[in-house]
Amino acid sequence: MTITEAQGRTDDILSAVGITKSFGRTRALDGASLRLGRGEIHALIGANGAGKSTLSKVISGHLVPDAGELIYQGAPLRLRSTRDALDAGIAMVMQETSLVPDLSVAENIFLPELAQPGRFSYASLYRRGADLLATLGQQDVLALDIKVRELSAAQRQLVEIAKALSVQAKLIIFDEPTASLSPSEVERLFDIMIRLRDQGSALVFVSHRLEEVFDVTDHVTVLREGRTVLASHPTANLSQGELIRAMVGHDLAAIYEHPHVAVTPVMPVALEVCGLSAPPLVHNVSFRVHEGEILGLGGLVGAGRSEAVEAIFGLRPRSAGTMTMQGRLIDPRSPAEAVRAGMGFVAEDRRTQNIVPHLSVKENLLLAHLGTHKGFGLGYRGRERQIAVLLQSLGLPADRLLDANMLNFSGGMQQKIIIARWLLLEPRVLILDEPTKGVDIGTRASIYALLRDITAKGTAVIVISSDFEELLGVADRIVVISDGISVANLPSALLDKEKLTLLAAPRTSMARNTALLRELSTETGGTGFWALLDADRLICLNLVTRDSGSGPGFAAGDAKTFGETLIPQALARRAPTLVTESSGSHTTMLCPLQSRRGHNLGWIGLTMTTATKLPSPASIQSRVAALADTL
Amino acid sequence: MTLSPMPKAARSPFLTLTRSLEFRMLVLAGLLAIGLSFLSPYFMTWNNIFNVLDQSVVIGIVAVGMTFVILTGGIDLSVGSIAGLSGVILGLSAQIIPWPVAILIAVAAGAGIGLISGCLITFFRLAPFVVTLGMMAIGRSLAYILSGQTAISDIPSGLSSIVYTNLLVIPSNVGFLAVLYVIAWAYLTYTKGGRTIYAVGSNKEAARAAGLRVTFYSILPYVISGALSAVAITFSIAQILSADPLAGNAMELDAIAAVVIGGASLFGGRGSVVGTLIGVLIMVMIRNGLNLMGISPFWQGSAIGSIIIIALLVESIVSRLNAR
């Protein structure tokens, strides 16, 4: 971080003063201000409804403020449209991408040029598009002539960033850019942002995720209820607690409050999934979830987590695998059958998959009920007492809620209503896909508390989240899915963010690693493995064996204490030399795997039972080092 | 860590081509032509090929305008009525002023009606279906009133020169159709205006946010569609030298069918005039072939309806297979 550098600059690129904006009777901004320096990444944070998005949209010309003024590069700036903002060099990378799916990547990058005079030439678009991607350090990542419709979320975002650069933007606003990215994609985005800052751009970073604010920003501005409550404060001088206090106006108890119990009392299995396959994305997913347990499904975006639970819930055809609920084999071919079997499912996309926008809150609440209700009428009457009790326990005001349109409420409130929809049916297994996406930090805590309450009554809960911190905080156990395969099933107490990141890495990116392990095992007739080592515990990430015998006593995805394996002494020594167990059964060597950037990526091990030809430790060490260089 | 790089040439050009709907429809058109040439030996004669092309002119011209409208995510149900009304206007004015000026007046009238529809749809955010449905009724009614409920048959015979002049071997109306499609294709593919029309149909908010002239390019297609409806009826009148207030009845259905068979999405953003041309040819070939075989014209509707549904069915199956 170049914080001191950013502090040193006093010439602001933009200052917004006294910005006020009302929608109907709600006042979204009430005299908010924001000062941005050149060459800095500036965090703009606040709870949902604090006015971050509104302020971003005022600065980028999407909205015209009721009052207040913008000073841009020393002169007053009046924006009547996004066109004006783009002409001034202000661009916004939207949360929901604002791309044209049926045009090519190149055309999207240069979309604003379609409104400008001059010739239109694909050759020029491709050439300049390639140059732009090169300045982002992302050449060869995108084919410029394919339609945006065919891109992943992360690739689309890259197109958005390139689009902002195509108008020579000096100020770029990123509105929750990390919401749908996997951890490695977030890292790549931060690389790009830092590169842009170092080239002199000013960047505004709007996010809900505080840890990211600390990762990448130089200064922080906090909004609360439409006002600026903390202005341009250097990020480095802040603690997470101070930030939260500024956002919510009071202290918040630690949001993940449940104490991790290392040993969960063994409850009956609520749902067991075995060998689930649903092409093209789900290949072999197995897990169990116990009553009263929160199971986290972790992994990268696109690893097949959502698809797996959709297949379980009968939304997608399954090609293989069995599912057992409370000892009975179930085979739901539609959501209606899954609901009858005792499942509930809160899908990822609230707006398109969960809410019926033109129905009232009450009707939305009773939608799942309608699916199970037998009879010609609505049968709402019989649910009324239950609704009253449920709403009270969720802290939702019943009188205000029931007749109002669903869209009048914040994302967090909507999410609670959708969860309540399923609770009415008292499911035995409730599946939630990204339940806190786009939900502010205060409401997030109450959703976590709600999940705890649900499990306390014996319901099994399955949570999918791309936010590893959330997953670790909320789940009792985590099943990691990578490329459609469940690769690990571990108590979350044994995991941290780094380990999860390594476990979730796509199998394809492990190709080199696997190749080395295969070479080692072939050459020696032993077992090559890649593992993370704690004080006395091992988590095996990958393993290749040619050993017909017992091997080291663990398999890929296993977490075991050293004592539970067959090579405890070697693991305890963790030295790049050959260590033979005192029983004489196994000879093992371990090499640390360290990336060029100094990240510890675990250990590469080689274990041989019948040591006919012992390899030289030095040669193995150098091969591991060569592998580490490519990571 | 980075995104896994995407190969620059993701697919070979040929494979990309075979994946396009236009290609599949071209194959369908080819199979249809081969099949019909077996069923009727007269089908593949030069005479009949020019016949097919001649019969494609009127519907082909209207379908170009319809493609523009559908690309923006709209629909124009008024094309048939505009054709009828502007035909009557042409017939009436050709009696008092030279016919080339009368054509201009008729085309201006068609464009004017399109402009009204486009403005109502764009400025008041009315549903295109409903606005053009209203225009369809109004246009037909005005055509009857202006014509006095009868066909105007004393059209100056000079008008027929726009159809029956040969440019080398090609009749002028077929030549006009070809030039129109080339211009429309080049406009939609290689100009800023054309790409803006795709952008507006594919994601209107993104186009607006990028500063594109969304309002202008939302109205323009209706103007083009109205004007081309008048042009189309002009070619029809030039052949029979009579302007019937009933002319162009149900033409909107043929035009929409051609565009849809050609692979356009009714939600906008997807489609091309190349596909539309193939769609037009498929429909005209079916009509022509059934006539040659002496099958009752009442079967034509069933045949064309089946082709539309089969085309969409095949498309749905193929795209589901591609998703695997």
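This is a tutorial dialogue on reading some features of a predicted model.

Me: What should I know about the numbering and the rules before I start?

Reply: Residues are numbered from 1 along each chain as its sequence is written, while chains are lettered from A and ligands numbered from 1 in the order in which they are written. Since the model is predicted, local features need pLDDT of at least 70 and side-chain atom pairs count only at pLDDT 80 or more, whereas totals for chains, interfaces and linings use all residues, and side-chain values use heavy atoms, with hydrogens and water left out.

Me: What is the order of the strands in the open sheet of chain A?

Reply: As a general idea, strands of a sheet pair through backbone hydrogen bonds, either parallel or antiparallel. Helices (H or I, at least four residues) and strands (E, at least two) are DSSP runs, numbered from the N terminus, and two strands pair if DSSP finds at least two bridges between them. In chain A, six strands form an open sheet in the order β6-β7-β8-β3-β9-β10, with mixed pairing. At its edges stand β6 (90-93) and β10 (227-234) of chain A, each with a single partner strand, so one side of each is left without a neighbour in the sheet. From one strand to the next, the twist averages 20 degrees, where axes are lines fitted to C-alpha atoms, for helices over the stretch in contact, and angles run from 0 to 180 degrees between N-to-C directions.

Me: How many bridges join β6(A) to β7(A)?

Reply: Four bridges join these two strands, β6(A) and β7(A), which run parallel, and Met92(A) has Ile173(A) in β7(A) as its bridge partner. Strand β7 (residues 171-175) of chain A is in turn joined by five bridges to strand β8 (residues 202-206) of chain A, again in parallel, with Ile172(A) partnered by Leu203(A) in β8(A).

Me: Are the faces of β6(A) covered or uncovered?

Reply: In a regular strand the side chains alternate between the two faces of the sheet. To judge cover, we call a residue buried under 20% relative accessible area, exposed over 50%, and partly exposed in between (1.4 Å probe, protein chains only). Both faces of β6(A) are covered, with Ile90(A) and Met92(A) buried on one side and Ala91(A) and Val93(A) buried on the other.

Me: Which strands does helix α2 of chain A lie across?

Reply: Contact means heavy atoms within 4.5 Å. Helix α2 (residues 52-59) of chain A lies across β3 (41-45), β6, β7, β8 and β9 (219-224) of chain A, and runs at about 135 degrees to β3(A). This helix, α2(A), is mostly covered, since six of its eight residues are buried, among them Leu55(A), Val58(A) and Ile59(A). Just after α2(A), Gly61(A) takes a positive phi of about 80 degrees. Helix α6 (residues 153-166) of chain A lies across β6 and β7 of chain A, running at about 175 degrees to β6(A).

Me: How do I read the overall form of chain B?

Reply: Chain B has 14 helices and two strands, and its C-alpha atoms fill a box of roughly 75 × 55 × 35 Å along the principal axes. The radius of gyration is taken over C-alpha atoms, and the globule rule is 2.2 Å times the number of residues to the power 0.38. For 324 residues, a compact globule would have a radius of gyration near 20 Å, and the 21 Å of chain B agrees with that. Of those 324 residues, 51% count as buried.

Me: Is Gly226(B) buried or exposed?

Reply: Gly226(B), placed in helix α11 (residues 214-240) of chain B, counts as buried because its relative accessibility is 0%. Leaving aside residues up to four places away in sequence, Gly226(B) touches Ile82(B), Gly110(B) and Ala111(B).

Me: Which kind of phi does Arg125(B) have, although it is not a glycine?

Reply: Arg125(B) has a positive phi of about 50 degrees and is found in the loop between α5 (99-123) and α6 (128-147) of chain B, where Arg125(B) counts as exposed because its relative accessibility is 71%. Leu241(B), which is not a glycine, has a positive phi of about 50 degrees and lies in the loop between α11 and α12 (251-261) of chain B; at 23% relative accessibility, Leu241(B) counts as partly exposed.
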